[in-house]
Amino acid sequence: MLANINLQSILLSVLAIASETKQEQELANWIEDKWKNHACFTMYREGNSLVYCTKVDDTKPTIALYGHIDTVPSQQDKEPHITNEGKIFGCGASDMKAGIAIMLALMEATPFLTWQYNLQFIFYDKEEGPYIENGLGPVLEKFSFLKQANIAFVLEPTQNEIQTGCVGAINLLLTWHGKRAHAARPWEGHNAIHCSGALLEYLLKEPAKQVVCDSLSFFETKQITQAKTDNSRNVVPNSFTVNLNYRFTPDKTQEQAQNDIITFLAKHMLPETIEATQLSQTQYTLGSKASIEIIDLAPAAPVVTQEPSLQKFIAQHQLTIAPKQAWTDIARLALFNIKAVNFGPGLPSQAHQKNEYVYIQDIEQNYHYFLSFLQ
C-alpha cells in the first residue's frame with residue numbers, strides 16, 4: 001500500500017529527534033525542512049508549531065488532523081528501535097509520535113492521490129506542559145481559517161478507537177493554617193496537617209460521580225495528588241498545602257466547575273462550613289483557618305458524534321465510540337467552535353511509560369483508515 005513503505009522509517013526518524021516539552025525546535029525544524037517545498041500545501045509557522053493546508057475547494061468539506069510534537073522526559077533504556085514482536089520503541093512512540101508519523105506519511109502521499117476533502121495538518125508544541133502555555137492556543141488565535149474544519153481528529157493514543165468528549169481539570173492548592181510548636185509539646189501549637197482531616201476523610205469515602213452525556217458515561221473525580229510542609233521533622237507544622245486535582249464532566253462549563261469546587265471546599269475543607277471569601281479571580285480564604293488558590297484550569301469538551309463527515313468515517317470502518325476520561329486538546333478546539341475527536345494509533349496505557357512503545361499493526365491500521373477515508 002502506498003506510503004506504508006515509509007511509515008516505519010518516518011516514525012523512527014521522528015523518534016530519533018528528542019522533543020521534550022519546550023525543546024521542540026529541532027523536530028519542528030526537521031519537519032519544516034523536509035516538507036517546506038511541498039507543492040500541495042501552504043505552510044505557516046508560529047514558534048515551534050507548524051500548519052499545512054491544501055488549496056481550499058469550497059465544494060469540499062474540510063478535515064483537520066492535529067498532533068503535538070512534544071513528549072515528557074525520556075525514560076527509554078535504548079535508542080528508538082523495532083522488535084521482532086511488532087513493536088516500535090521510543091520516547092513518545094504512543095503519545096503521540098506515531099500519530100505525527102501518520103500525518104507526515106499522509107502529506108507525503110498527497111501528490112500521488114486525489115482527496116475528497118480540503119486538508120489541514122497542525123503540528124504544535126508544549127502540549128505536555130501547563131494548559132496556559134500550550135502552543136495550540138496561539139496557533140488557533142492567529143490562523144482563523146482553522147475554524148473552517150468540519151471535523152478535527154487529534155491523534156492522541158486511543159488504539160484506533162474514537163474517543164469523544166473529555167473531562168475538564170482544575171488544580172487547586174489548598175492550605176491549612178495552624179500554629180508552630182515543638183513536636184514534644186504539640187499542645188503549645190496547632191498541627192496544620194491534622195486540620196486537613198475533615199476533607200481527607202470525606203474524600204476517602206466519596207465515590208467517583210458518574211454522569212451520562214449523549215449516552216456516554218464520564219466520571220467526576222477529586223483526588224489529592226501532592227502534599228507538602230516547610231517544617232523539620234520535630235516541629236508541628238504551622239501550614240500544610242496539598243494539590244487537589246478535580247476532574248469535571250462535559251456537562252459543566254469552566255465557570256460552573258469552579259463555582260462547584262469552591263462550594264464543595266467551603267463545606268468540607270474544615271470540620272465546620274465556612275463561607276469562602278474571594279480575594280481575586282483565583283484566590284479564596286476560609287476565614288483565618290484555610291486558603292484556596294486555583295493554579296490551573298482546563299475546560300471539558302462536548303461529546304461530538306453527529307457531524308456528517310465523522311459519521312461517515314465511523315460507519316466506513318465500523319469504529320468503536322468511547323468517552324475520553326482524561327483531558328486532551330479537543331477541549332481547546334471546542335472553545336474555537338471546532339468539532340473534534342481523539343483518534344490515534346498509540347496505546348493509552350503506554351503514554352508516559354518507561355520504555356514506551358506502539359504496535360506496528362496499529363500504526364498501519366490507523367494510516368489505512370485515514371487513507372481510504374480521505375481519498
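**Figure 1. Burial and overall make-up of the predicted protein model.** Of the 375 residues of the protein, 53% count as buried, where buried denotes under 20% relative accessible area, exposed over 50% and partly exposed in between (1.4 Å probe, protein chains only). This is a predicted model, in which local features need pLDDT of at least 70 and side-chain atom pairs count only at pLDDT 80 or more, whereas totals for chains, interfaces and linings use all residues. Residues are numbered from 1 along each chain as its sequence is written, and side-chain values use heavy atoms, with hydrogens and water left out. The protein contains ten helices and 20 strands; these are DSSP runs numbered from the N terminus (helices H or I, at least four residues; strands E, at least two). The C-alpha trace spans about 80 × 45 × 35 Å along its principal axes. Among contacts (heavy atoms within 4.5 Å) with a separation of 6 or more, 76% join residues 24 or more positions apart.

Figure 2. Strand 4 is joined to strand 5 (residues 87-89) in the antiparallel sense over two bridges, and histidine 81 stands opposite phenylalanine 89 in strand 5. Axes are lines fitted to C-alpha atoms, for helices over the stretch in contact, and angles run from 0 to 180 degrees between N-to-C directions.

Figure 3. In helix 2 (residues 25-35), the buried residues are Leu27, Ala28, Ile31 and Trp35. They lie on the same side of helix 2 because they cover an arc of only 100° around the axis, the arc being that of the directions from the helix axis to the C-beta atoms. Exposed Glu26 and Asp33 are carried on the face turned away from the buried side.

**Figure 4. The packing of helix 8 against helix 10.** Helix 8 (residues 308-317) and helix 10 pack at an angle of about 120°, with their axes 11 Å apart. Helix 8 is therefore oblique to helix 10; angles under 35 degrees count as roughly parallel, over 145 as roughly antiparallel, 65 to 115 as roughly perpendicular and the rest as oblique. Ser309, Lys312, Phe313, Gln316 and His317 in helix 8 meet Tyr369, Phe370, Ser372 and Phe373 in helix 10.

Conventions: Pairing = 2+ DSSP bridges.
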